[in-house]
Amino acid sequence: MKDFNYYAPTQVVFGEQSEEKVADLVKHYGGHKVLVHYGGKSAVRSGLLDKICNLLREGGLEIVLLGGVVPNPRLSKVHEGIELCRREGVDFLLAVGGGSVIDSAKAIAYGVPYAGEVWDFYSGKAEAVTCLPVASVLTIPAAGSEMSEASVITNEDGDIKVGYSNDISRPKFAIMNPRRTFTLPPYQTAAGVTDMMMHTMERYFTHDTDMTFTDALAEAVLRTMKDCVFAVLKDPEDYRNRAQIMWGGSIAHNGLTGCGVEEDWSTHSLEHELSAMFDVTHGAGLAAIWPSWARYVYKEEISRFVQFAVNVMDVPNDFSDPEGTALRGIEAIEHFYHAIGMPINIHELLGREITEEEIREMARKCSHDGAIRIGGFKRLAREDMEAIYRMAK
Ligand code: NZQ
Ligand code: ZN
């Protein structure tokens with residue numbers, strides 16, 4: 001087991017009555033004037049936004065509203081938020097939405113007290129030393145940003161989508177009412193489950209094989225999410241299974257399933273280039289990349305892929321043919337992706353193959369012009385990235 005530092009300070013308030021506590025929670029964490037940040041229409045249509053605003057006002061808090069965050073959230077909206085918060089004297093950010101809204105809120109939170117350009121943090125030029133407090137009322141279980149230290153922002157200037165991780169941005173609290181996820185379209189539900197499973201898979205494929213307990217936690221997350229998704233696709237108002245997924249999404253990405261292991265994250269890095277170039281749904285992009293990544297790297301540690309095939313994907317273990325078992329595990333997840341309406345390659349994701357030029361451009365950006373490698377399970381150089389995109393095209 002590798003040494004590790006597990007830090008997950010977010011207070012989780014879960015259940016049907018959880019929203020009622022929003023004003024007390026904001027006050028508890030020091031907020032007086034709150035930026036209520038939200039996305040397109042879903043939180044308006046459902047009445048959630050109005051409800052949260054009313055509860056905050058009734059609790060004696062001042063509010064400022066900023067909507068319009070889009071999936072793959074943009075830097076221009078972050079700039080707008082920073083300016084607004086400074087002008088209004090906002091001291092607390094409440095994201096009502098999913099990963100995109102929470103990530104936008106985190107970026108605004110870094111930017112308000114910073115004298116320079118907030119993109120400095122994302123481009124690696126500076127480290128944030130302080131930020132405004134952030135919290136969320138979660139409406140889509142997927143990105144795990146409600147408990148994570150990460151935020152992922154797209155800079156429209158050059159279509160650059162990158163993440164910045166810093167523990168100071170971990171949300172103070174997350175309000176999770178599974179009932180709020182009943183309105184999710186099937187595609188978002190499936191993409192969300194794909195994303196949360198991938199957050200644990202990025203940690204599961206490791207050369208550290210002495211992590212029995214972490215493995216058991218990871219496999220529990222993966223198996224549960226894999227089973228529950230079918231129930232909610234069949235019945236979107238299945239509270240019990242919506243609840244498992246909502247909680248599982250947070251556990252999948254709050255660090256617990258990565259304690260003591262070296263993590264990978266190549267699929268995420270490769271996918272971020274896809275969403276930057278084609279503005280696709282993140283979870284669907286991951287499904288389009290992972291099978292090709294897996295076939296490219298599995299020989300690094302076949303036993304790990306056998307364990308995944310058997311313990312997660314229910315593939316019978318053929319002890320005489322570990323490689324065959326490993327490959328059947330990859331095929332099994334492809335069947336799973338298809339069964340929930342996810343793509344298994346880029347062609348299925350975009351409706352067309354990507355060109356050689358697009359492959360080279362994504363690998364160029366992902367490798368920072370060849371300067372960096374990605375991945376822990378197998379270190380991937382620019383040529384490896386190109387090869388995986390080509391396999392996935
Ligand atoms: O904008 P609205 O109208 O609210 O619609 C949203 C959006 O179109 C809709 N939606 C959300 N809740 C809904 C709903 N529709 C109906 N009913 C509801 N209850 O769903 C769509 C997707 O929302 P979004 O916030 O983009 O989803 P998600 O949570 O998947 O976030 C994706 C973003 O998070 C980043 C991704 O790269 C992507 O930019 N990630 C952030 C991470 C982190 N901060 O730790 C880690 C992840 O790996 C990921 O990279
Ligand atoms: Zn993700």
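Colleague: Which side chains meet in a salt bridge at 2.9 Å, N to O? Please start there and then show me what else belongs to the picture.

Modeller: Happy to! Please keep in mind that this is a predicted model. The side chains you are asking about belong to Glu20 and Lys51, which meet in a salt bridge with 2.9 Å from N to O. Glu20 sits in the loop between S1 and H1, while Lys51 is part of helix H3 (residues 48-58), so this pair ties together parts that are 31 residues apart in sequence. How open are the two partners? Glu20 has a relative accessible area of 41%, so Glu20 is partly exposed. Lys51 also counts as partly exposed, because its relative accessibility is 25%, and the buried class applies only under 20%.

Salt bridges that share partners join Glu19, Glu20, Lys51 and Arg180 into one network.

Now look at another salt bridge, the one between Arg179 and Glu16, where the closest N and O atoms are 2.6 Å apart. Arg179 is in the loop between strand S8 (173-176) and H7, and Glu16 is in the loop between S1 and helix H1 (22-28), so here the parts tied together are 163 residues apart in sequence. With a relative accessibility of 41%, Arg179 counts as partly exposed. Glu16 is partly exposed too, at a relative accessible area of 36%.

A further pair is Asp314 with Arg223, a salt bridge whose closest N and O atoms are 3.1 Å apart. This pair links distant parts of the chain: Asp314 lies in the loop between helix H12 (302-311) and helix H13 (322-339), Arg223 lies in helix H8 (residues 212-234), and the two are 91 residues apart. Asp314 is partly exposed, with 47% relative accessible area, and Arg223 is partly exposed as well, with 31%. In total, the model has 28 salt bridges.

To get a sense of distance, compare its position with that of Arg328: the two C-alpha atoms are separated by 24 Å, and the residues are 114 apart along the chain. Next, step back to the loop between H7 and H8, where you will find Thr206. Thr206 is buried, with a relative accessible area of 1%. A polar atom of the Thr206 side chain lies 3.0 Å from the backbone oxygen of Glu262.

From here we can follow helix H7 to the ligand. Helix H7 (186-204) supplies at least two residues of the shell around ligand 1, and so does each of helix H5 (99-111), strand S6 (150-155) and helix H10 (266-278). How many residues surround ligand 1? There are 32, and the closest are Gly40, Ser42, Gly99, Ser100 and His199. Sorted by type, the shell has 9 nonpolar, 18 polar and 5 charged residues.

Some contacts with the ligand can be picked out one by one. A polar side-chain atom of His199 is 2.7 Å from an oxygen atom of ligand 1. In the side chain of His272, an N or O atom is 3.1 Å from an oxygen atom of ligand 1. Ala150 takes part through its backbone instead: one of its backbone N or O atoms lies 2.9 Å from a nitrogen atom of ligand 1. On its own, ligand 1 has 970 Å² of accessible area, and the protein covers 88% of that.

Let me finish with a few spots elsewhere on the chain. Asp279 is in the loop between H10 and helix H11 (282-297), and its phi is near 55°, a positive value in a residue other than glycine. Asp279 is partly exposed, at 44% relative accessible area. Asp369, in the loop between helix H15 (356-366) and helix H16 (382-392), has a positive phi of about 60° although it is not a glycine. Finally, Met1 is in the segment before strand S1 (11-14) and counts as exposed, with a relative accessibility of 59%. Together with Phe4 and Tyr6, Met1 forms a nonpolar patch on the surface, with about 330 Å² of accessible area in all.

Technical notes: Residues are numbered from 1 along each chain as its sequence is written. Chains are lettered from A and ligands numbered from 1 in the order in which they are written. This is a predicted model: local features need pLDDT of at least 70, side-chain atom pairs count only at pLDDT 80 or more; totals for chains, interfaces and linings use all residues. Side-chain values use heavy atoms; hydrogens and water are left out. Patches are made of residues with over 30% relative accessible area and no salt bridge: like charges are joined within 9 Å, nonpolar side chains (Val, Leu, Ile, Met, Phe, Trp, Tyr) within 5 Å. Accessible areas come from the Shrake-Rupley method with a 1.4 Å probe; for residues, only the protein chains shown count as cover. A salt bridge is a side-chain nitrogen of Lys or Arg within 4 Å of a carboxyl oxygen of Asp or Glu. Helices (H or I, at least four residues) and strands (E, at least two) are DSSP runs, numbered from the N terminus. Buried means under 20% relative accessible area, exposed over 50%, partly exposed in between (1.4 Å probe, protein chains only). A residue is near a molecule or strand if one of its heavy atoms lies within 4 Å of it. A polar contact is a pair of N or O atoms within 3.5 Å; within protein, one must be able to donate a hydrogen and the other to accept it, and residues adjacent in sequence count only if both atoms are side-chain atoms. Ala, Val, Leu, Ile, Met, Phe, Trp, Tyr, Cys and Pro count as nonpolar, Asp, Glu, Lys and Arg as charged, and the others, Gly among them, as polar.
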